[in-house]
Amino acid sequence: MRAVSIEDLKPGMILARTIVNSEMVVVLSEDTLLTKAHITRLNFLNIPVVYIKDEYELSKNYQNVSSIFNRSNAFVKEYDSVVQEAKGIFEEAGKSGTVPLPETQVIVKDTIAPLARNSGAIDYLYELNHKASDIYNHSLRVSILAGVIAKWMHFTRAKTRDIIMAGFFHDIGKCKFPQRLLDKNINTLQGEDYENYIKHTVDGQHILSGIDGISDGVKLAAMQHHERMDGTGFPFGSRGEDIHEYARVIMIADIYDNITTERQGYVKQTPFAAIAYLTENMYATLDPTVCVPVLTHIKDAFLGSRITLNNGEKGVIAAYPNDFAAHPIVSLESNEIINLNEHPELTIAEYNPK
């Protein structure tokens with residue numbers, strides 16, 4: 001890795017570190033292959049220096065040595081082995097308006113389901129959070145998260161595989177989106193762009209409806225994963241029990257991935273921000289029968305994790321209050337114990353898996 005001034009950047013160089021602005025909004029993600037447009041943007045933002053991968057880091061020897069010390073290497077290797085297949089499925093859907101079901105069933109059974117059963121899946125997915133600029137990576141991560149949630153809810157193996165399928169196909173309606181729309185922050189969409197975005201839910205259900213062998217739950221998850229329990233979601237404002245169980249699981253997985261994933265134009269957040277969001281909304285817009293097991297298990301998964309607060313102090317997650325409080329209790333290196341629920345000025349700025 002080497003520091004390179006903006007004046008010396010050339011298209012084709014690869015970022016070694018994520019670039020964020022003063023508000024911690026991601027400008028460009030690690031591993032981005034720089035283009036002329038990227039370099040122009042960095043000039044415009046007055047970013048003087050970036051870190052670029054050098055030839056050694058890009059060599060096979062470096063990759064082989066790195067993998068020895070990467071505790072999540074096996075998970076990442078399996079993930080990478082299936083991501084190109086996922087890309088092919090979404091590209092085929094974009095061209096033909098249909099999906100190859102047998103191929104997807106094999107991927108779900110042989111690769112995604114085992115990844116979801118991995119005890120470190122939540123940590124490992126967080127380490128993959130820079131792979132976010134496309135539908136198929138997001139869909140693959142949501143499918144794994146859906147499988148983890150299904151495991152926590154003690155669903156049968158067959159039902160778990162079906163929910164994994166629902167996660168994989170939940171955004172299939174975006175397969176014909178122009179890149180311009182995919183790159184935009186959803187919260188800034190207006191007019192025709194916003195109408196087209198909402199329509200991806202109906203388009204997804206339409207693509208899946210013509211395929212024999214896909215359950216109603218998978219089809220409804222594609223259409224309803226943006227619905228909310230209080231009727232404030234879209235496309236139809238469905239509420240409560242009118243939203244299929246699969247959709248209620250996928251909406252949690254989708255929200256969690258969107259909050260914890262590094263994307264251009266979004267503030268990078270930790271899993272604890274996602275936990276807080278689920279806690280604060282589980283009796284309003286979300287389904288508590290899904291949120292409670294998710295929060296119970298995911299909080300246990302993060303006990304002992306190292307963190308850095310927004311004031312620079314470091315510590316570990318010591319506990320969570322028993323009343324489904326939104327934030328954890330932190331044991332600081334200074335030996336002080338702080339309940340973050342009582343200190344709204346303090347947030348977890350950085351998280352490192354234990």
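**Reading contacts in a predicted model**

Modeller: In this predicted model, Arg17 lies over the face of Tyr51, at 4.1 Å from the ring centre.

Colleague: What makes Arg17 count as a charge over the ring of Tyr51?

Modeller: CZ of Arg must be within 6 Å of the ring centre, and for Arg17 the distance to the ring centre of Tyr51 is 4.1 Å. The position must also be within 35 degrees of the ring normal; Arg17 does lie over the face of Tyr51. The charged end of Lys159 likewise sits over the ring of Phe155, 4.1 Å from its centre.

Colleague: How many aromatic pairs does the structure hold?

Modeller: The structure holds nine aromatic pairs.

Colleague: Why is the pair of Phe75 and Tyr124 called tilted?

Modeller: Planes under 30 degrees apart count as stacked and over 60 as edge-to-face, with the rest tilted. The planes of Phe75 and Tyr124 stand at 50°, so the pair is tilted. Their centres are 5.2 Å apart, and a pair requires centres within 6.5 Å.

Colleague: Which parts of the chain does this pair link?

Modeller: Phe75 belongs to helix 4 (residues 73-96) and Tyr124 to helix 6 (residues 121-127), 49 residues apart. Both Phe75 and Tyr124 are buried.

Colleague: What makes Phe272 and Phe302 a tilted pair?

Modeller: The planes of Phe272 and Phe302 are at 55°, so this pair is tilted, with ring centres 5.2 Å apart. Phe272 lies in helix 13 (residues 271-281) and Phe302 in helix 14 (residues 288-302), so the pair ties together parts 30 residues apart in sequence. Phe272 and Phe302 are both buried. Ring pairs also link Tyr126, Phe272, Phe302 and Tyr351 into a cluster.

Colleague: How do you know whether helix 5 is roughly parallel or roughly perpendicular to helix 8?

Modeller: The axes of helix 5 (residues 101-117) and helix 8 cross at roughly 110° and come within 9 Å. Angles of 65 to 115 degrees count as roughly perpendicular, and therefore helix 5 is roughly perpendicular to helix 8. Among the residues in contact are Leu101, Val108 and Ile112 of helix 5 and Ile164, Met165 and Phe168 of helix 8. The residues of this contact divide into nine nonpolar, two polar and four charged.

Colleague: Why is helix 11 described as largely enclosed?

Modeller: Seven of the nine residues of helix 11 (residues 216-224) are buried, so the rest of the structure largely encloses this helix. Buried means under 20% relative accessible area, and the buried residues of helix 11 include Gly217, Val218 and Met223. The buried residues of helix 11 pack against helix 8 (157-169), helix 10 (191-209) and helix 12 (245-260).

Key. Residues numbered from 1 in each chain as written. Predicted model: local features only at pLDDT ≥ 70, side-chain atom pairs only at ≥ 80, totals over all residues. Heavy atoms only, no water. Buried < 20%, exposed > 50% of the residue type's maximum accessible area, 1.4 Å probe, protein only. Helix = DSSP H or I, 4+ residues; strand = E, 2+ residues; numbered from the N terminus. Contact = heavy atoms within 4.5 Å. Phe/Tyr/Trp six-rings, centres within 6.5 Å; stacked < 30°, edge-to-face > 60°. Axes fitted to C-alpha atoms, helices over the stretch in contact; angles between N-to-C directions. Parallel < 35°, antiparallel > 145°, perpendicular 65-115°, else oblique. Nonpolar A, V, L, I, M, F, W, Y, C, P; charged D, E, K, R; others polar.
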